Amino acid sequence: MAIILDDVSHTFHEFLLLPGLTKKEHVPANVSLKTPIQSFRLAEGPRACLNTPFVSAAMQAVSGPELAIALARKGGVAFIFCSQSIESQAQMVREVKEHKAGFVESDSNLPPTATLQDALNLRRKTGHSTIAITEKGGRNTKLLGLLTSKDFWEYKDDLSQSVQGFFTPRERLVLAEEGVSLQDATTLLWKNKKECLPIVDREGNLRSLVFRKDYYDHQSYPDELTDSRKRLLVGAALNTFDYMERASALVEAGVDVLCLDSSDGYTEWQAQAARELRKRFGSDIILGGGNIVSADAFRYLVTHGDVDFVKVGIGGGSICITREQKGIGRGQASAVMEIARERDLFAKESGTYIPICSDGGLNSDTQMILALAMGADFVMMGKYFAMTEESPTAKISYRGRLYKPYWGEGSNRARNWQRYKQSEAAHLIFEEGVDAYVPYSGPLSDKVDVSVVKLKSTMCNVGVLGVKELHEKARITRVSEMTVVEGGTSTVEMLDRLQPNME
């Protein structure tokens, strides 16, 4: 006979937080959302951390380079999806790492024989207003000058002309030699009132560019998540088939975090892949595993797989139908609470803390807050980010409202059969995800800002100043159906745009 658990599988809808004593120190400005994403020894304290406890799902309709850049600027990390070629995924990672590196390798270059039309076409393709004119029109060749959007006017100048008479020659540029510090490079830009500072080697070859706007960008994004070279952080997903080859290419591209992505991570395949990846790359790479929903699965992955963090959740995503199709899964609240208890027990026994990520089942800011209060160190979201301007899909208009396409990795559209292991066939036999649309919600920055304000405000109500303190002090109560009704606007009329008669 099957083992029947006595507990009920609970969702976030069934809980509320109780307020704690709010002291004078409990104001949003004092709240820190910094949270670990890498395992660490309790005696030594956290190593790698997120500045905001949000990561994006490794999905085709969610995590592309543009979203990864926007999320890293807000203190989180995006996971570039692996349901694509190794070369394509590595290139996406490379785009994020090169977007803002302090020292940026120029990917907008032309030879002096190019025309203004060539320059205009390149500018439209890359979105970059500064083009390096180099001897051979490529990276790491002799710098001849810079051509900016201010040097010609596409509506007045003859675009068939050569760039030769328009770009600023090297002799009139302010340059710095390779090896200069970023601080000194920024000072040179400021003192000389320049927008761009080319960095060259002793032979005069262009090595990188430093932009003044990057300094202002950093001031605008105080929670920006960067590596030791001031490059934005980015993650990427792996499967359990070509993981070694894929990981090697991603590490070479500069990836910061890897995560084995599976609908069910409680497998020998994932444990083996994690061990081999750890042996190959050591502790230099942050490695996650999952997804799981039970304490025994957590214990198995951290002892047999040596992972840095574990994703929690099966079947709770807005476009996931695994539970419906296979009867596999667990209410997300129950899964997070059980695994958080096991994580704390493991930390007490071993002295090592393994962060957990709540993935799926988050339909509002309130539920994100509850997931963190129940023990999650950070949350992973798909729909939340798919709705934003920066997600990879194009906006469509329907009945006067904007939407964005959103499909699950278990849908036929994703063609991600390797994630599900349904059979030996190289395709999905049945779908575990749907193909749908979500309302467009605007820029990621605006959306995250609102969520962060709500989270910090709630933490002040609870009487805590950090995520770890929230784990320890949060008091959570079950709610009845009528409690949910009571908490809504059920007894008033909402009259939209009604203006009082002032006459």
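Two strands are taken to pair if DSSP finds at least two bridges between them, and the strands themselves (E, at least two residues), like the helices (H or I, at least four residues), are DSSP runs numbered from the N terminus. In β19, the residue that forms the bridge partner of V310 is I356. The model is a predicted one, in which local features need pLDDT of at least 70 and side-chain atom pairs count only at pLDDT 80 or more, whereas totals for chains, interfaces and linings use all residues. Residues are numbered from 1 along each chain as its sequence is written, and side-chain values use heavy atoms, with hydrogens and water left out.

Strand β19 (residues 356-359) is joined to strands on both counts of pairing given here: with β17 (residues 309-312) the pairing is parallel and extends over three bridges, and with β20 (residues 378-381) three bridges are likewise found, the two strands running parallel. In the latter pair, D359 stands opposite M380 of β20. In a regular strand the side chains alternate between the two faces of the sheet. Within β19, I356 and S358 point one way and C357 and D359 the other, and all are buried, a term that denotes under 20% relative accessible area, with exposed meaning over 50% and partly exposed the range in between (1.4 Å probe, protein chains only).

Not counting residues up to four places away in sequence, F298 touches I292, V310, I339, E342, R343, F346, I354 and I356. A nonpolar core is defined as a set of buried Ala, Val, Leu, Ile, Met, Phe, Trp, Tyr and Cys residues joined through side-chain atoms within 4.5 Å. In the largest such core, which has 107 residues, F54, F79, L258, F298 and F385 touch the most other members. Helix α13 (residues 444-462) contributes the largest share of this core, namely seven residues. Apart from it lies another core, of 14 residues, including L110, L116, I131 and F166.

Open space was examined on a 1 Å grid over the protein atoms alone, a pocket being an open set of points where a 1.4 Å probe fits, with protein on both sides within 12 Å along at least five of seven lines, and lining residues being those with an atom within 4 Å of a point. Grid points are joined across faces, edges and corners, and a volume is the space filled by probe spheres set on the points. The largest pocket holds about 1000 Å³ of space. Its lining comprises 34 residues, of which H128, S129, T130, F211 and K213 are the closest to its centre. Two or more lining residues are given by each of α2 (86-99), β9 (143-148), β12 (196-200), β13 (206-211) and α5 (212-220), and the largest share, five residues, comes from α2. By class, the lining has nine nonpolar, 12 polar and 13 charged residues, where Ala, Val, Leu, Ile, Met, Phe, Trp, Tyr, Cys and Pro count as nonpolar, Asp, Glu, Lys and Arg as charged, and the others, Gly among them, as polar.

Strands β12 and β13 belong to an open sheet of three strands, with the order β11-β12-β13 and mixed pairing. Because β11 (176-177) and β13 stand at the edges, each with a single partner strand, one side of each is left without a neighbour in the sheet. Five bridges join β12 to β13 in the antiparallel sense, and P198 has L209 of β13 as its bridge partner. K150, in the loop between β9 and β10 (168-169), counts as exposed at 75% relative accessibility. The C-alpha atoms of K150 and S129 are separated by 8.5 Å, with the two residues 21 apart along the chain.

Several backbone features were also noted. The peptide bond from G290 to N291 is cis, with omega near 10°, and N291 lies in strand β16 (residues 286-292). N140, although not a glycine, has a positive phi of about 60°; N140 is found in the loop between β8 (130-134) and β9 and is partly exposed, with a relative accessible area of 35%. A positive phi, near 55°, is also found for R399, a residue other than glycine. R399 is placed in the loop between β21 (396-398) and β22 (401-407) and is exposed, with a relative accessible area of 75%.

Conventions
Contact = heavy atoms within 4.5 Å.
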